[in-house]
Amino acid sequence: MTQPFLIGDQMTGGYGRGPDILHGCTIAVNPGEIAVIVGPNGAGKSTAMKALFGMLDVRSGQVLLDGQDISALSPQDRVRQGMGFVPQVNNIFPSMSVEENLEMGAFIRTDDISGTMEQVYTLFPILKDKRRQAAGELSGGQRQQVAVGRALMTKPKVLMLDEPTAGVSPIVMDELFDRIIEVARTGLPVLMVEQNARQALEIADRAYVLVQGANAHTGTGKELLADPEVRRSFLGG
Ligand SMILES: Nc1ncnc2c1ncn2[C@@H]1O[C@H](COP(=O)(O)OP(=O)(O)O)[C@@H](O)[C@H]1O
Ligand SMILES: [Mg+2]
C-alpha cells in the first residue's frame, strides 16, 4: 500500500457555528497521482477542499501531509508546507497583470522566482504573451491558467484545484485537462474537484463521489466509470 501524500481522514465539520457539512469524509491523494472529487451541487466538494486547506473548523478527523499531522496549521502555514490551492471562486486578482498575479503567488518565497515563472509560461504560453495585461481581461480558460500558474509559483508539493474547468468550452476543458495531466506527470500529485464527472474519471487514478458531505463511492477512475450505480446516478446512465 502506498501511503497517501495528502489525506483528510474522517473529516467532520462545517462553517462557524453552523451544522456539520462534512460527515466523516475521507479524501486522499497518492504520490504522483491524480485524485478527483465529483458529486452533485452542494455535496460538500468545495467544503472538503477548504477543510484540507485549513479554512474550516474540522471538528473531528485529521489532515496529514507527507505523514505529518497538519490539522492545526493555518492555510498560510499549509502553503509553506507545500500545499498549492486554487479555490473555486476569486482565484485571481483581476485588476493586476498576469505577471503580477504570478508574482503574488510566490509571496512566501525569498529565492529567485524567475525559473518557476518561465516554467509556468512554458506550460501556458498564452500567459507569456499576455503577461502585461490585466488578468480580469482574459478569457475564462486563460484566467484559470493564471490561477493554476499562481498556485504553481509556490513550488507546491501537492496541487489542489477546485473546478478548474468551470465555465469553459469543451475544447478549452480538454486543453486544461492535458496541462493538468502534464503537471501531474512531473511527479506533482493533483487533487481536483470537477463537475465534468465523466472526463474527470477518465484521467483519475483515484476518485471520490461525495454525496451530502460523505463518501458515496471510492475507487480508481476506471472502476467508478464501470460502476452501474455511479453511472446511473451521476453519469446519466
Ligand atoms: N461559506 C459558507 N458558509 C456556510 N455554508 C456554506 C458555505 N459554503 C458552502 N456552504 C454550504 O455547504 C454545503 C456544501 O457546499 P459546497 O461545499 O460549496 O458544495 P459543492 O462544492 O459540492 O457544490 C451547501 O449546503 C452550502 O450551502
Ligand atoms: Mg464547489
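**Group meeting: a walk through the model**

Let's start with Gln212, which is partly exposed, since 14 other C-beta atoms lie within 10 Å. On that scale, a residue is buried with 20 or more other C-beta atoms within 10 Å of its own, exposed with 12 or fewer, and partly exposed in between, with C-beta atoms placed from the backbone.

Before I go on, a word on what we're looking at. This is a predicted model, where local features need pLDDT of at least 70 and side-chain atom pairs count only at pLDDT 80 or more, while totals for chains, interfaces and linings use all residues. Residues are numbered from 1 along each chain as its sequence is written, and chains are lettered from A and ligands numbered from 1 in the order in which they are written.

Back to Gln212. Its phi is near 45°, which is positive even though the residue isn't a glycine. Most residues other than glycine have a negative phi. You'll find Gln212 in the loop joining β9 (206-211) and β10 (214-219); strands here are DSSP E runs of at least two residues, helices are H or I runs of at least four, and both are numbered from the N terminus.

Asp66 also has a positive phi, near 50°. It sits in the loop between β4 (57-65) and β5, and it's partly exposed, with 14 other C-beta atoms within 10 Å.

That brings us to the sheet. It's open, with four strands in the order β2-β1-β4-β5 and antiparallel pairing; a pair needs at least two DSSP bridges. β2 (20-29) and β5 (68-69) are at the edges with a single partner strand each, so one side of each has no neighbour in the sheet. β1 (residues 6-14) pairs with β2 through six bridges, and Gly14 is opposite Asp20 in β2.

Now, ligand 1. Around it are residues including Tyr15, Gly18, Ile21 and Asn41, counted when the C-beta atom, placed from the backbone, lies within 6 Å. Helix α1 (residues 45-53) gives the largest share of that shell, three residues.

Last stop, a helix pair. α3 (residues 98-105) and α6 (residues 140-152) pack at about 35°, axes 7 Å apart; axes are lines fitted to C-alpha atoms over the stretch in contact, and angles run from 0 to 180 degrees between N-to-C directions. On the α3 side, Val98, Asn101, Leu102, Met104 and Gly105 meet Val146, Gly149, Arg150 and Ala151 of α6, contact meaning C-beta atoms, placed from the backbone, within 7 Å.

Conventions:
Contact = placed C-beta atoms within 7 Å.
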